[in-house]
Number of protein chains: 2
Amino acid sequence: MIMRFRGAGRPAGASPQGPDTIVGMSEPQDILWMRRALDLARGVIYTTTPNPRVGCVIVRDGRILGEGATQPPGGPHAEIMALRAAQAAGHDPAGATVYVTLEPCSHFGRTPPCVDALVAAAPARVVVALGDPNPRVAGQGFARLRAAGIAVSAGVCENEALALNAGFVARMSRGTPWLWLKLAASLDGRSALHNGVSQWITGEAARADGHAWRARADLVLTGMGTVLKDNPQLNVRAIQTPRQPRKAVVDGQFRVPEDARLFDGTPAWVFTARQDADKAARLADKNVEVVCLPDAGGQRVDLAAMMRWLGEHECNEVHVEAGAGLSGALLAADCVDELLIYLAPVMLGDAAGMVQMPLLEHLDAARRFRFTDLARVGEDVRLQARDPSRWLALLASARRASEN
Amino acid sequence: MIMRFRGAGRPAGASPQGPDTIVGMSEPQDILWMRRALDLARGVIYTTTPNPRVGCVIVRDGRILGEGATQPPGGPHAEIMALRAAQAAGHDPAGATVYVTLEPCSHFGRTPPCVDALVAAAPARVVVALGDPNPRVAGQGFARLRAAGIAVSAGVCENEALALNAGFVARMSRGTPWLWLKLAASLDGRSALHNGVSQWITGEAARADGHAWRARADLVLTGMGTVLKDNPQLNVRAIQTPRQPRKAVVDGQFRVPEDARLFDGTPAWVFTARQDADKAARLADKNVEVVCLPDAGGQRVDLAAMMRWLGEHECNEVHVEAGAGLSGALLAADCVDELLIYLAPVMLGDAAGMVQMPLLEHLDAARRFRFTDLARVGEDVRLQARDPSRWLALLASARRASEN
């Protein structure tokens with residue numbers, strides 16, 4: 001793709017004034033190209049996990065020489081894809097600027113280090129959105145580039161870049177996935193009528209949007225109450241996806257029916273606090289792994305332990321679609337990083353609430369999230385809110401990488 | 001104010017293409033000028049009631065000759081203000097275009113008919129946003145203008161115009177005010193903790209925004225539960241306003257404490273289903289009028305009767321700021337036209353709900369609103385939703401006026 005320009009070296013949308021009227025002329029350009037790289041990363045949001053979604057654009061004189069995004073695990077990373085594209089188009093990236101949404105890797109994983117390929121290509125400058133907190137990278141990518149005489153800038157569009165890879169950064173920096181609660185309710189926060197009727201408070205568009213969030217996650221997690229009440233499939237159906245996320249149920253007492261619809265032969269986990277080797281063996285035939293975790297009391301799964309276990313098992317993002325019980329328990333156990341709430345324009349009055357939690361005595365005792373997005377989805381609205389301190393902690397760990 | 005233009009007769013923001021590339025070239029211009037007129041009407045949103053808020057702009061060759069907005073009751077209407085402003089600036093409106101947000105009045109009220117002044121000024125064209133469903137106007141304004149050889153267009157920005165005067169249109173067309181429920185809650189729809197703690201779930205900015213809605217209303221209505229629990233003043237304090245709305249409490253059993261803070265000497269109503277002449281006489285000394293309304297059963301005020309009474313008493317807009325009891329009763333009695341809901345980014349779990357209503361057995365039994373606006377207000381969000389069928393009924397009554 002070649003972007004067109006109005007003037008010399010100035011991308012469309014940049015200020016029409018001359019360079020002397022803007023301090024740091026490079027910045028609007030950097031943001032424009034980084035946004036292009038972020039778009040490329042978004043294009044692979046369903047396929048790269050457990051690797052991060054990364055996009056890369058190589059630019060010289062306001063023209064794209066090559067661009068690319070991370071391929072599924074085992075395949076080339078974004079930088080390699082972009083370098084190959086430049087080569088295929090007959091462009092030499094020497095002296096160009098490389099925009100990449102995450103610090104180039106400096107270690108041998110399933111593929112050789114991208115930083116070696118970049119050094120060999122000899123761009124003049126590499127602009128990175130987010131440092132990689134992966135302890136095997138963590139600033140070494142930057143250091144290697146600088147040692148090769150390549151200028152490095154970091155932190156361009158870092159919030160957008162983190163939103164694409166909060167799960168990867170969380171797993172690398174704190175050892176647990178990034179977890180969001182998906183909830184759907186009426187405007188007065190009711191997720192079901194007193195008689196249990198809950199399908200469908202929100203509409204088709206909200207359901208499809210919810211499936212897009214399922215699709216990007218590594219894991220779709222639910223609770224036993226939901227399995228018994230709704231017997232959900234928990235897979236992605238309302239949108240196209242090349243990859244189904246894994247499914248899991250939190251089931252402290254290991255009461256899950258062996259014929260539950262979510263056990264459809266694709267990989268699934270049951271997290272329990274009770275051993276039952278025979279049942280576990282039978283479920284194994286259905287591709288279900290039963291994971292016995294510490295008991296938090298009363299045959300309830302220790303949710304913090306579950307989060308660590310998920311981090312150890314390469315889960316970046318967990319999408320929770322559960323009833324008020326598990327949703328409230330995750331909030332009470334401080335395992336929730338983000339809320340993804342769909343509200344329908346209807347008031348239901350006395351009916352089931354969205355979350356069950358221990359009674360609060362003071363408003364200050366409630367964890368405060370921060371709204372990050374409001375959107376209309378069909379007839380409904382979607383509200384997103386994040387835990388601000390956890391978000392800042394992830395940003396800080398990514399920044400530490402770039403300061404190493 | 002003189003707006004500046006890039007080309008001949010084309011306001012800033014209109015299409016730069018020539019007239020032959022746009023079908024109905026006048027339309028973007030009409031919308032621009034009508035928006036200016038709407039802005040003027042918004043500027044008098046706190047002061048015109050029970051008259052509608054109206055703005056008027058007189059334009060010729062892309063220049064404003066004069067503009068104005070309706071003055072407080074008894075004062076001149078928008079058209080007269082605009083004509084006077086044109087005259088004061090030495091401009092003759094003959095042959096100009098007049099943009100006015102509501103059909104010019106054709107009857108003697110507190111002031112002479114605006115349509116006479118317009119006919120005398122002899123503009124070439126009058127563009128109106130909304131027909132006036134006032135049975136004393138209802139198309140006669142349009143008819144008089146046309147009879148004088150003035151071209152008339154109606155329906156430009158009619159939804160925005162109706163949003164400014166839904167209360168006036170509702171009172172004129174159906175005999176009752178436009179009523180909105182203002183509610184504040186956590187993201188999971190909880191308006192108080194189990195122990196009653198509710199101040200403040202939402203923040204300062206949401207409170208100030210709520211006061212702006214109080215300020216535009218004719219009446220701020222609450223219930224006895226809120227008087228007993230919070231003893232609110234119910235006046236406008238968080239923003240500047242030249243006029244305080246009237247206050248009222250729905251109190252079927254007439255239990256209201258005579259020293260309630262809302263009885264501060266400004267006009268107030270108590271709506272009750274129980275007579276108590278002595279108490280009523282004592283309250284009259286505090287400028288409180290006790291209104292005995294039909295009993296809906298069990299000493300509960302018939303809310304539909306209250307709405308009719310309010311319509312008869314020149315109430316255009318009712319702002320309800322009450323607890324779950326009255327809020328739910330108004331919903332159940334089908335008296336709610338609009339929802340104004342502030343949500344804080346916090347989950348509270350088991351705690352007081354936003355509205356108490358009779359149990360629903362089916363989701364279809366719940367009245368569906370339609371979201372009209374989402375906004376961030378400080379750390380909180382504000383969601384607005386209207387009853388779509390009632391809105392369309394108001395629009396239809398305004399359109400009938402312009403088709404007469």
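Me: How many helices and strands are there in chain A?
Reply: First, some ground rules: residues are numbered from 1 along each chain as its sequence is written, while chains are lettered from A and ligands numbered from 1 in the order in which they are written. This is a predicted model, where local features need pLDDT of at least 70, side-chain atom pairs count only at pLDDT 80 or more, and totals for chains, interfaces and linings use all residues; side-chain values use heavy atoms, leaving out hydrogens and water. Helices (H or I, at least four residues) and strands (E, at least two) are DSSP runs numbered from the N terminus. With that settled, chain A has 11 helices and 18 strands.

Me: What is the radius of gyration of chain A?
Reply: This one is taken over C-alpha atoms, and the globule rule to hold it against is 2.2 Å times the number of residues to the power 0.38. For 404 residues the rule gives 22 Å, and chain A comes close to that, so it is as compact as a globular protein of that length. The value for chain A is 23 Å.

Me: Is Thr202(A) buried or exposed?
Reply: Thr202(A) sits in the loop between strand S9 (190-192) and helix H6 (204-216) of chain A. Buried means under 20% relative accessible area, exposed over 50%, and partly exposed in between (1.4 Å probe, protein chains only). Thr202(A) has a relative accessible area of 13%, so it is buried.

Me: Which residues does Thr202(A) touch, not counting residues up to four places away in sequence?
Reply: Touching here is a contact, which means heavy atoms within 4.5 Å. On that basis, the partners of Thr202(A) are Ala184(A), Ala185(A), Tyr342(A), Leu343(A), Ala344(A) and Asp380(A).

Me: What do the buried residues of H2(B) pack against?
Reply: Helix H2 of chain B covers residues 78-88, and its buried residues include Ala78(B), Ile80(B) and Leu83(B). They pack against these elements of chain B: strand S3 (55-60), strand S4 (63-69), strand S5 (97-102) and helix H3 (114-121).

Me: Which residue of chain B comes closest to the rotation axis?
Reply: The copies are superposed by least squares on the C-alpha atoms of residues with pLDDT of at least 70 in both. A rotation of 180° with 0.0 Å of shift along its axis puts chain B on chain A, at an RMSD of 0.0 Å. That is the relation of a two-fold axis. At 2.1 Å from the axis (C-alpha), the closest residue of chain B is Gly189(B).
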